[in-house]
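Thanks for coming. Please have the view open.

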Amino acid sequence: MSNIANPILAEATRGTMVESFHRGRYVVMKADGTMIEQGGDIDALMYPRSAIKPLLAIPLLESGAADAFDLEDQHIALACSSHNGEERHAHTVAAWLEKLGLSVETLACAPHYSLRPASAIEQAVDHVQLTKAHNNCSGKHSGFLTTAVHLGEDPEGYIEEAHPVQQRLIRVLEEMGDCDLSDTPRGIDGCGIPVIGMRLRDLGLAMARMADPSGLSDTRKKAIERIRKGCAADPFMVAGTGRFCTKVMEVCGEDALVKVGAEGVYCAAFPKQGLGVALKIDDGAQRGAEVAMGALLRRHGVIDDARAETLKDCLTPVLTNWAGKYAGDLRPAF
């Protein structure tokens with residue numbers, strides 16, 4: 001990353017003063033590589049984390065695996081998800097794996113309580129037996145396994161970089177972002193799969209092609225359109241109760257494919273505008289990333305005044321004290 005500070009994208013107020021702020025970088029691009037808007041160092045490498053799950057779902061559709069196993073919109077949305085681990089998420093994943101002749105134990109991710117505090121409390125009180133299907137990445141893993149089973153690949157070790165599943169995903173990222181990822185940094189994601197270092201510029205281009213796949217092969221174009229349709233049709237499966245991604249897609253439908261990633265990453269595709277968006281908050285704060293993404297949704301016409309009124313709690317959250325009294329605002333600063 002360069003020594004020049006990235007711009008402040010979001011700030012939190014308390015009383016009459018800005019108390020905290022979040023610096024970051026972002027890019028808005030067209031599918032032909034035209035830069036529409038940018039802020040900060042978009043050529044520095046970063047880990048896209050779960051924000052690229054819609055891109056990672058492409059092989060599931062492109063290979064014919066989704067059709068072979070009669071997957072529905074809810075499954076496509078789950079393949080793109082970082083879900084809350086609510087019971088509908090877990091039950092649907094378990095039933096999906098049964099279609100493949102596999103059990104939840106085949107998943108390489110680990111069980112955890114729901115990401116939604118209220119649901120986690122319910123699970124604890126009800127003594128719910130948590131399984132790997134409750135992991136927030138279980139839908140993505142199920143998509144990987146579906147493709148492997150359909151193509152006759154051994155599911156064993158499917159999260160290892162050398163496995164055909166992961167090699168296929170890296171190729172998709174390279175093709176969509178017009179980049180070479182053979183020598184970029186590597187790490188391990190929370191769910192166990194490899195994370196691949198990318199430039200924000202390349203990620204923005206990949207998302208622009210999710211918004212406007214007209215220059216891609218017919219097979220890939222149809223796969224992308226199916227991904228966008230599935231997420232818009234069942235946005236609960238992409239995230240869950242109270243989540244930014246779900247709320248925005250419930251209101252915007254196919255006008256916005258929005259996806260969160262860990263450590264302050266967000267990606268989006270705006271099909272009507274033909275725009276792709278990628279952003280990263282320097283300090284990893286999700287709250288800063290959501291406010292910044294909300295500002296870009298507004299700025300580029302995806303969220304109009306009527307939608308903004310419905311989504312005001314997402315776009316400019318009010319900060320309160322423990323007694324529920326207004327204390328300040330979280331707002332975009334660019």
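A search of the whole structure finds 0 disulfides, a disulfide being a pair of cysteine sulfur atoms within 2.5 Å. C245 is in none; its nearest cysteine sulfur belongs to C231, 9.5 Å away. For C267, the closest cysteine sulfur is that of C245, and at 10 Å the two are too far apart for a bond.

This is a predicted model, where local features need pLDDT of at least 70 and side-chain atom pairs count only at pLDDT 80 or more, while totals for chains, interfaces and linings use all residues. Residues are numbered from 1 along each chain as its sequence is written, and side-chain values use heavy atoms, with hydrogens and water left out.

Are these cysteines buried or exposed? Buried means under 20% relative accessible area, exposed over 50%, and partly exposed in between, with a 1.4 Å probe and protein chains only. C245 counts as buried because its relative accessibility is 2%, and C267 counts as buried at 0%.

C231 is one of the buried residues of helix α10, along with others including R220, A223 and I224. Helices here are DSSP runs of H or I, at least four residues, numbered from the N terminus. Helix α10 covers residues 218–233, 16 residues in total, and reaches 22 Å from first C-alpha to last, close to the 22 Å expected at 1.5 Å a residue. That expected span is 1.5 Å times one less than the number of residues.

Next, V251, in helix α12, residues 244–252. V251 counts as partly exposed, because its relative accessibility is 26%. Beyond its neighbours within four places in sequence, V251 is in contact (heavy atoms within 4.5 Å) with R307, T310 and L311.

Notes: Helix = DSSP H or I, 4+ residues; strand = E, 2+ residues; numbered from the N terminus.
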